[in-house]
Structure formats: C-alpha cells, structure tokens
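Dear colleague,

I am handing over a structure for you to look through, and my notes on it follow below. Please keep the model open while you read, so that each place can be found as it is named.

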Amino acid sequence: MPEVRTPPARVGILLNPGSGRVRRQLPALRRIAAALPDALLQEVSGPREIEQALRLWQAGPQDLLVVLGGDGTLQATLTALLREPAAGLPGLLVVPGGTTNMSAADLGARRKPEAALRALCAWLQGPGPAPRLVERAVLRVDGETDRGPQFGMFFGAGAILGGVRYFHRHIRPTGVRGALGPALAFGRMLLSLLGNRPHPLLPAMPARLSTEGADWQNDWLLVLASTLDRLLVGCRPYWGAEPAPVHFTAVAHRPRRLLRVLPALLCGRGAAVAREHDGYLSRNLEALQLSGPEDFLLDGELFQAREPIRLSSTPPLRFLTF
C-alpha cells in the first residue's frame, strides 16, 4: 500500500471512551492525544456527539481526522461526513479501538490504539514512518426509518441479526473480551446452520431483491453486502466477478448441499461449489434494492427499516492506517 507523503494541515481526533479497547487504555490514550502537536481531541459517545464535533471542527481535504473507536464509531463518523459532504473530505486515520474492529482490520490497521497514536505522533513530529493509504468505497444505505441515509462498510439482514442479538444476550454478559465474543456467536450460528431442523436463531426472511437486469423473490436465510474484502475471522463469503464496488451475497432459507458448500463459501471459494439453483447467490454490484426486511445491521449497529432499502456506494474515500 502507498504511504502518505505530506503531513496534514490540521489533525482532529474523535475518541470514543466507551469502545472496548479504548476503555481499557483511556488514561494513556488521553495523555498521548493531548501531546500531539496542534491536534484537537474530542471525546464522543454516539452519532449526535460525532455530528456536533465535526460541525465544530469543519475539516477540509488537507486535514486528517483520527477515528479512535470500533466499527460503530467509524460508521457514525462516515454518516456525519457523507450525509452533507463539504467541498472535500479529510483523510481518515482508522485506529481499531472497539471490540471486533472488522472495518479497521480489512483496511490494514494492525496496531493497538496506544501504539497507533504513538506512531502518529512520531510521523507528525518528523522521524516516524508515514501511515499507509487505502482508497475504498463506502456503502450508502437509504431506507432507515428516522435519520436519513446511513453510510458504512458492512450491511446485513436476516440471520446475521440473530447472531448479533445472541451475542448481546448470551455472550457479552459473561464478560468475554475482544473479538472472542463475536467469534463465539459466529460459531454458534454455524452450528445452528448445520442442524437438521429449522432453528429459532435462523428464521426465514421473505424479501425481494432487485438490481439492474435481475430480480429475486424468496425466503432468505441472510443477505449481506460490503465494500470490505474480508469480514469477521477473515472470512470472504462472496464470489462475484463483476467490476463493481459492492460485494453482495444472499443465501436462501434451508439451501441445498449446505455441508459441502459452507466451508468453501466462508473461504472465498464459493464460485467452485455454490449454485444459484441451490439457493446461493453472489454478485458485485453498483446498487441493490431490498423489499421485505424490517430491520438491518450496518457495521454492528441495528437500524429499523422502511421499504424499500436501497444500497449503493460512494466514490472511494482516503483511509489511512498504521
């Protein structure tokens, strides 16, 4: 990945003190952030605070915005920036400070929050290496009930919502930390898939899916769309070959040959074994419309839906990582 050659004109830091990794290192992160030259640190805990912080700062294309939180913090930041975009967007330095950090991991952010901030400080002060630059499109989701378009990196509907609710009800209260909790919930869903009878975690979702030149009506197990290359635990459950930015996969409820197809599907080899007539569908798309789902997931956050939901993508944004 290319490196950024020119340091930013200004630096703004959005720090979510409630994010998983941030919460455990909060005093140290505050000290390091306060020592960054000419940086504005703002602590934010939700979409409204993020909107207010960005309105106060008014970042431009020569500036750098550091997002220190989890997938939900990044999603809310993208929405605040893109819903009413200014003439130019700042570069976005993504620091994985949440529980799963799926977006940050796929963009190439490998350092823990304290190490990433120290690397940023070293770069701004001169001797340290520059961050890497990744250009990536972002999903736009129209169809949320109250708050207008939402922007993020991963959309899910159907059984994936059951997995998230299972995590919050049964795993999170046990005190399991880090990515292990979501991984356990993911494993529980896989076990439910392999059973011989319908499982309450995996209800059928009647929906109509429409894109240019194609239309599918079915009871679906799950529908997902993403501009990320890899998802939780490194899986890549799509196999479209079209030159378009949105990876889209839909699996029918109770699909055929699941035991044979599932391992290949998770590893990005679905094209070899997954067939549409057996209930497996994957494309790379410019846009997709869904009629039927009552709610959906976007970067780990749950939203209520109104019909139809329309997915599209933005032009590539500049993401920076250490």
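Contact here means that heavy atoms lie within 4.5 Å, and helices (H or I, at least four residues) and strands (E, at least two) are DSSP runs, numbered from the N terminus. This is a predicted model, in which local features need pLDDT of at least 70 and side-chain atom pairs count only at pLDDT 80 or more, while totals for chains, interfaces and linings use all residues. Residues are numbered from 1 along each chain as its sequence is written, and side-chain values use heavy atoms, with hydrogens and water left out.

I begin with helix 3 and helix 4. Pro47, Ile50, Glu51 and Leu54 in helix 3 are in contact with Thr73, Ala76, Thr77, Ala80, Leu81 and Arg83 in helix 4. Two packed helices are described by the angle between their axes and the distance between the axes. The axes of helix 3 (residues 47–57) and helix 4 (residues 71–83) come within 9 Å and cross at roughly 50°, where axes are lines fitted to C-alpha atoms, for helices over the stretch in contact, and angles run from 0 to 180 degrees between N-to-C directions. Helix 3 and helix 4 are therefore oblique to each other, since angles under 35 degrees count as roughly parallel, over 145 as roughly antiparallel, 65 to 115 as roughly perpendicular and the rest as oblique.

Helix 4 is mostly covered, with 11 of its 13 residues buried (under 20% relative accessible area, with exposed over 50% and partly exposed in between, for a 1.4 Å probe and protein chains only). Among the buried residues of helix 4 are Asp71, Gly72, Leu74 and Leu78.

Helix 6 (residues 113–125) has 13 residues, and its buried residues include Pro113, Leu117, Leu120 and Trp123. What do the buried residues of helix 6 pack against? They pack against strand 1 (11–15), helix 1 (20–24), helix 2 (26–35), strand 3 (64–69) and strand 4 (91–96). Just after helix 6, Gly126 takes a positive phi of about 120°.

Finally, the structure holds 3 aromatic pairs, for which rings of Phe, Tyr and Trp (its six-membered ring) must have centres within 6.5 Å, with planes under 30 degrees apart counted as stacked, over 60 as edge-to-face and the rest as tilted. Phe296 and Phe303 form a stacked pair, 5.5 Å centre to centre with 20° between the planes. Phe296 counts as buried because its relative accessibility is 0%, and Phe303 is buried with a relative accessible area of 4%. Together with Phe155, Phe296 and Phe303 form one aromatic cluster.

With best wishes

Key
The expected span of a helix is 1.5 Å times one less than its number of residues.
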